[in-house]
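User: Hi! Could you walk me through this structure, a few questions at a time?

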Amino acid sequence: MKDHTWTFQCRRCFKLRPRAVTRLRRDACKRASPAFPPWKQAGALREERAVRDRNLLQVRDHDQPIPWKVQFNLGNSSRPSNQCRNSIQGKHLITDELGYVCERRDLLVNGCCDVRVPSTRQYSCDGCLSSGCCSAYEHCVSCCLQPSKQLLLERFLNRAAVAFQNLFMAVEDHFELCLAKCRTSSQSVQHENTYRDPIAKYCYGESPPELLPA
Amino acid sequence: MTMKLVNIWLLLLVVLLCGKKHLGDRLEKKSFEKAPCPGCSHLTLKVEFSSTVVEYEYIVAFNGYFTAKARNSFISSALKSSEIDNWRIIPRNNPSSDYPSDFEVIQIKENQKAGLLTLEGHPNIKRVTPQRRVFRSLKYAESDPVVPCNETRWSQKWQSSRPLRRASLSLGSGFWHATGRHSSRRLLRAIPRQVAQTLQADVLWQMGYTGANVRVAVFDTGLSEKHPHFKNVKERTNWTNERTLDDGLGHGTFVAGVIASMRECQGFAPDAELHIFRVFTNNQVSYTSWFLDAFNYAILKKIDVLNLSIGGPDFMDHPFVDKVWELTANNVIMVSAIGNDGPLYGLSPSYIDLTECPYMWPYCSQPIYYGGMPTIVNVTILNGMGVTGRIVDKPDWQPYLPQNGDNIEVAFSYSSVLWPWSGYLAISISVTKKAASWEGIAQGHVMITVASPAEVESKNGAEQTSTVKLPIKVKIIPAPPRSKRVLWDQYHNLRYPPGYFPRDNLRMKNDPLDWNGDHIHTNFRDMYQHLRSMGYFVEVLGSPFTCFDANQYGTLLMVDSEEEYFPEEVAKLRRDVDNGLSLIVFSDWYNTSVMRKVKFYDENTRQWWMPDTGGANIPALNELLSVWNMGFSDGLYEGDFTLANHDMYYASGCSIAKFPEDGIVITQTFKDQGLEVLKQETAVVENVPILGLYQIPAEGGGRIVLYGDSNCLDDSHRQKDCFWLLDALLQYTSYGVTPPSLSHSGNRQRPPSGAGSLTPERMEGSHLHRYSKVLEARLGGPAPRALPACPHLSWAKPQPLNETAPSNLWKHQKLLSIDLDKVVLPNFRSNRPQVRPLSPGESGAWDIPGGIMPGRYNQEVGQTIPVFAFLGAMVVLAFFVVQINKAKSRPKRRKPRVKRPQLMQQVHPPKTPSV
């Protein structure tokens, strides 16, 4: 035991199961080109192209900004019906695409918050810090939906790290962008397994949560 | 060192299969299946037979099934008539020997021809044929194991009160409820069968559930773009730092193949839309942060089923765990591996039978008794009614009076809100005082009602409810005598700290962290099993020393403790030992210079990690032991030795620095491992005191034993166990019998006075207080907190039932939502997809038969099945675990540990909660 330098590269990493895997011989077969029925041809080709684009994206130069295509359609006009998309996941709260936050029990059948309930609030930034990080996901989304946040979001998109290309390339409008932006991500953690800020960890802003001393 | 464990056992697997049904969709896909795959090489299995006649041996076949006695009498009466004496029946010792049989193997050494003729003339004998010896050989011709098929193997290795009955995922015939439909014999080991066929996915395919329109994400090592086995790869994304989307390992390809392979070995859901997420590098490395970003993308893409065939030990990784909840709340069905080992679990029962091994290990390994630490079972409630739900009122405890249910008490704690789709129910079970000397089985059940917001709300506030009954069955024995009861101190073993707590054995450089929690059900399991086999009852103390009644226990066992001690604990333990409690301490090393040396650079977090204790917390232990004039040193020793004719290994242990003069102390000669670590020098030290035995001189006083190394009790990295030593020490502590092999050992030396050897000080700057239940940060350095209150359980008010418990707690678990017996499957046999094992000698040329596309059957079956959107996917999950920690406290422990299968009961409306 001469060398006592401890090297341990994978402190908390995950392990594949099952671990014993055999190496595969790849591309042993050539894939026959799929025969799409005529009426599906166009759609299928478009899909193929999309897949190819996606693959190309992976090897793209990192310095280029994300060619995002978010439509900041605000207001009701763009919605096809009186249905609302909403944030779905909350234990207690829900935010709808109009920026209203409400208690789960105040959610209407159409997916919108009941605006007649006094506790329902639009564009609520409760629990959000000036850094753009909030203690509740639903308030982060609601706050992010404020029309005035559009500039901030555009600036973020132009500078977003390469790790977020997949995500923000796929986002189509302001609501989806806020849903995606407020989630905890690689930016939210230190040492992989702890939050940088265990309280205000949902951020619509440009900077990651403030790193708190342990 | 310690950490809390988590039994990351089990797994469970997965299937998915769901789909919205579109006839047109299926027609159009048919064209794929004809696509030839020229030039593919294939796995061919060749089975070759040869056989030879065995001399003198014959198989006598009867025209019916007869007992061994009857068979014997038939044969002997037949042979007697030909006057043949030199014959015998060749015994067949197998499990079927006890049952009637229709043949016998005999050996005839004389006059065989005549013998055979008379035998064949016997009215009960059908025929007689020579015994043959068969040789079978398997050969794989050209191995190209793309998407290898699973071989089905199953064997029962455990004792169980209910052997062989449970439907297992890999038990073909038990999978459906043994309808007999699939009861044909199969040569399981010889021919690899396809996993989808083994699990009878073809039945679902015929019903239209082929995965069409279901988005399945595979989080793995990626998939090559042109892999010929997949036709529906929608998207591939890479989340690693390697710039490729391809699978350089094979794991991701395999997993994707199990799900949706179209060729060779078919997957379960060949029509599923695959989304390949490459989150592992070719070196099998991944990080939480990669997962977080990939998971977010999966949510955005509205993935239906997400497969994660991975595992990791870090259940305290909150960002990861929170994200899993978030996925679930967003209607992503996450299917995760739970381990590669263990027997074939997968489905858990919907009852708590603490007598059933192995499913209820470790509960089943020790009956409960009055005065013991309560047994805690953690149950996960899966609520399919909605992402949120609640338990209405409280859970009810209903003991069956005829089954002595009133001999146990039950207490509950549970989630206030069931979210996402699930919650926990912790059930503490204890024996009532009136059953203190009773022995028998007690039964009852718990009733819970779960309410969730109605799915289609006509008005706000409408709820749907569902009620679940959870049977409970326990074995009770009279409380064992004090001397038989051992208390394992868990409270002072740090559970799973996020800090750096190095290994006890410093030679294990590749695995420097202590992960397992030092619990009798994890890495001290072998020791626990040994103590049980020696007749001891082992309980776990999960609270401070101030919270147990020392009169109940013979010995308190402290192994590898890293925690500090409250001043009240030190005082209480001293009184307890004066009053007859004995103490056994297995310590470990603590040397601040070595601790500084074993810091390491963590490339993951890009920082240096400095240990927060040594192998054990010797400064704290020394404070605890100081009243008896005992203490451990800061020495670090290693070496092989012999003690009482047993081979032993001392793996990075310390020595005893100080021991009372009238005690017994054993010494050994070791290498100074501290010197080796610090200066790479080798030195041998003689007379290192490693074991001390001491009797408290006061009337009725207990005994104390110290040993300097815990590695010989620890399952992880143990080289030689010292369970024999523990037996001898327990004889001493519990019964006062001093083992002569120790008291008269040639290695017995004068106890060290403490002069000349150093006892370690706590390391400057240690962050132990961050992970400690005892210390807190204060100005001027960490100091003990206020002593916490001892845990208190409030027992549920029983609602006794004067009825008899069902004789079978268990009902067959259905894996699928559909009762096959009720489903009409026209032309079942003829329509089976032609997924079949290759026959012996069959060449590898594989065309994709028309039948491989499940969709085509819908044309015929379609009429019988309602055509509507079926959204759910299914699967399974399951099970549990257990970890009993019979101590009441530990709020964290209430995390749900028991996952149970939640199966859709009907096609629609599908969701009810289950436990």
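Analyst: Happy to. A salt bridge here is a side-chain nitrogen of Lys or Arg within 4 Å of a carboxyl oxygen of Asp or Glu. This is a predicted model, in which local features need pLDDT of at least 70, side-chain atom pairs count only at pLDDT 80 or more, and totals for chains, interfaces and linings use all residues. Residues are numbered from 1 along each chain as its sequence is written, chains are lettered from A and ligands numbered from 1 in the order in which they are written, and side-chain values use heavy atoms, leaving out hydrogens and water.

User: Which residue does the side chain of A:Glu206 meet in a salt bridge?

Analyst: A:Glu206 sits in the segment after β9 (202–203) of chain A, and its partner is in helix α3 (residues 150–159), 47 residues apart; helices (H or I, at least four residues) and strands (E, at least two) are DSSP runs, numbered from the N terminus. The N to O distance is 3.1 Å. The partner is A:Arg159.

User: Is A:Arg159 buried or exposed?

Analyst: Buried means under 20% relative accessible area, exposed over 50%, and partly exposed in between (1.4 Å probe, protein chains only). A:Glu206, at 27%, is partly exposed. A:Arg159 has a relative accessibility of 61%, so A:Arg159 counts as exposed.

User: What is the N to O distance between B:Glu225 and B:Arg236?

Analyst: B:Arg236 is buried, with a relative accessible area of 5%, and B:Glu225 is partly exposed at 41%. Their side chains meet in a salt bridge, with an N to O distance of 3.8 Å.

User: How many salt bridges does the structure hold over all chains?

Analyst: Side chains of opposite charge can pair when their charged atoms come close. Among the salt bridges is a network linking A:Arg85, A:Glu97 and A:Asp173. Over all chains, the count is 30.

User: Where in chain A is confidence lowest?

Analyst: The score is pLDDT, the predictor's confidence in each residue, from 0 to 100. Chain A averages 73, and 64% of the residues score at least 70. Helix α2 (residues 137–144) is highest at 97. The lowest mean, 30, belongs to strand β1 (residues 6–8).

User: Which peptide bond has omega near -10 degrees?

Analyst: One cis bond runs from B:Trp361 to B:Pro362, with omega near 5 degrees, and B:Pro362 is in the loop between β11 (352–353) and β12 (375–382). The bond with omega near -10 degrees is from B:Trp419 to B:Pro420.

User: Is B:Asp560 buried or exposed?

Analyst: B:Asp560 is in the loop between β21 (555–559) and α11 (567–578) of chain B, with a positive phi of about 60 degrees although it is not a glycine. Its relative accessibility is 0%, so B:Asp560 counts as buried.
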